[in-house]
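Here are my notes for someone opening this one for the first time. Have the viewer ready and follow along point by point.

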Amino acid sequence: MGPMTETEPDSSKITPLFVLQFCAVLVVILVIAFRPGEWNSARWIGLCVAVPSAVFMFTARWQLGRSFSVTPQARALVTEGIYSKIRNPIYVFSGLVLVGVLIAINYRYAFLWLAVVVPIQIIRAHQEAKVLEAKFGDEYRRYREGTWF
């Protein structure tokens, strides 16, 4: 059995949750970009990390389509696009968006958020892996061997 991918039309990938997530990230980036204050190196570096990471995160989210869920579910095994290299690109790139935002706000204690978010994302990734392995078995194990996180 070959890789399974989403086959629905692109318009069905635009869900209310997708729009909400996109708007939330866009607002955070715009607040950082347009907040008063000096355009120092931290602000530039933060935006240079956050913006491309957000693009990759939403590309991955788009590629996942209706297979996206808040709780671990195995609707389809998406193995193409960004998912051909990274099993959990939404977690990876949302973490990088957070890093970029934290750098841009230039508040050293803000990085404590990473001590909370990163372990939660790792736990979620492991839970999802169990659900996908239970449903897709060897196909998922082969996919996992050829991808990172």
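1. Let's begin with contacts along the chain. Of the contacts in the protein with a separation of 6 or more, 71% are between residues 24 or more positions apart. Keep in mind as you read on that this is a predicted model.

2. Now the overall layout. You'll count 4 helices and 0 strands, and reading along the sequence gives α-α-α-α. The C-alpha trace spans about 55 × 35 × 25 Å along its principal axes.

3. Next, the surface and the interior. The protein has 149 residues, and 39% of them are buried. Its accessible surface comes to about 8900 Å², with 68% of that belonging to carbon and sulfur atoms. As for charge, there are 15 positive and 10 negative charges, and their mean positions lie 7 Å apart.

4. On to the aromatics. A search of the whole structure turns up 8 aromatic pairs. Take Phe22 and Phe58: their ring centres are 5.2 Å apart and their planes stand at 75°, which is over the 60 degrees needed, so this pair is edge-to-face. Phe22 sits in helix α1 (residues 16–34) and Phe58 in helix α2 (residues 41–64), so to speak a link between distant parts of the chain, 36 residues apart.

5. How covered are those two rings? Phe22 has 39% relative accessibility and counts as partly exposed. Phe58, at 10%, counts as buried, because buried means under 20%. Both Phe22 and Phe58 belong to one aromatic cluster, together with Phe18 and Trp62.

6. Trp39 has a relative accessible area of 37% and is partly exposed. Trp44 is partly exposed as well, at 48% relative accessibility.

7. While you're at Trp39, check what lies over its face. That's Arg43, at 4.3 Å from the ring centre. You can find another such arrangement with Arg61, which lies over the face of Phe68 at 3.9 Å from the ring centre.

8. Which residues does Ser53 touch, leaving aside neighbours within four places in sequence? The contacts are Phe93, Leu96 and Val97.

9. The other one is Ala60, also placed in helix α2. Its relative accessibility is 0%, so Ala60 counts as buried. Setting aside neighbours within four places in sequence, Ala60 is in contact with Ile82, Tyr83, Pro89 and Ile90.

10. Asn106 deserves a stop of its own. You'll find Asn106 in the loop between α3 (89–105) and α4 (112–145). Its phi is near 55°, a positive value in a residue other than glycine. Not counting residues up to four places away in sequence, Asn106 touches Asn40 and Ala42.

11. Last stop: Phe149, in the segment after α4. Phe149 isn't a glycine either, yet has a positive phi of about 25°. With a relative accessible area of 25%, Phe149 is partly exposed; that value is not under the 20% needed for buried, nor over the 50% needed for exposed.

Definitions and conventions: Residues are numbered from 1 along each chain as its sequence is written. This is a predicted model: local features need pLDDT of at least 70, side-chain atom pairs count only at pLDDT 80 or more; totals for chains, interfaces and linings use all residues. Side-chain values use heavy atoms; hydrogens and water are left out. Helices (H or I, at least four residues) and strands (E, at least two) are DSSP runs, numbered from the N terminus. Buried means under 20% relative accessible area, exposed over 50%, partly exposed in between (1.4 Å probe, protein chains only). Contact means heavy atoms within 4.5 Å. Accessible areas come from the Shrake-Rupley method with a 1.4 Å probe; for residues, only the protein chains shown count as cover. Lys and Arg count as positive and Asp and Glu as negative; His and the chain ends are not counted. The place of a charge is taken as NZ of Lys, CZ of Arg, CG of Asp or CD of Glu. Rings of Phe, Tyr and Trp (its six-membered ring) pair if their centres lie within 6.5 Å; planes under 30 degrees apart count as stacked, over 60 as edge-to-face and the rest as tilted. A charge sits over a ring if NZ of Lys or CZ of Arg is within 6 Å of the ring centre and within 35 degrees of the ring normal.
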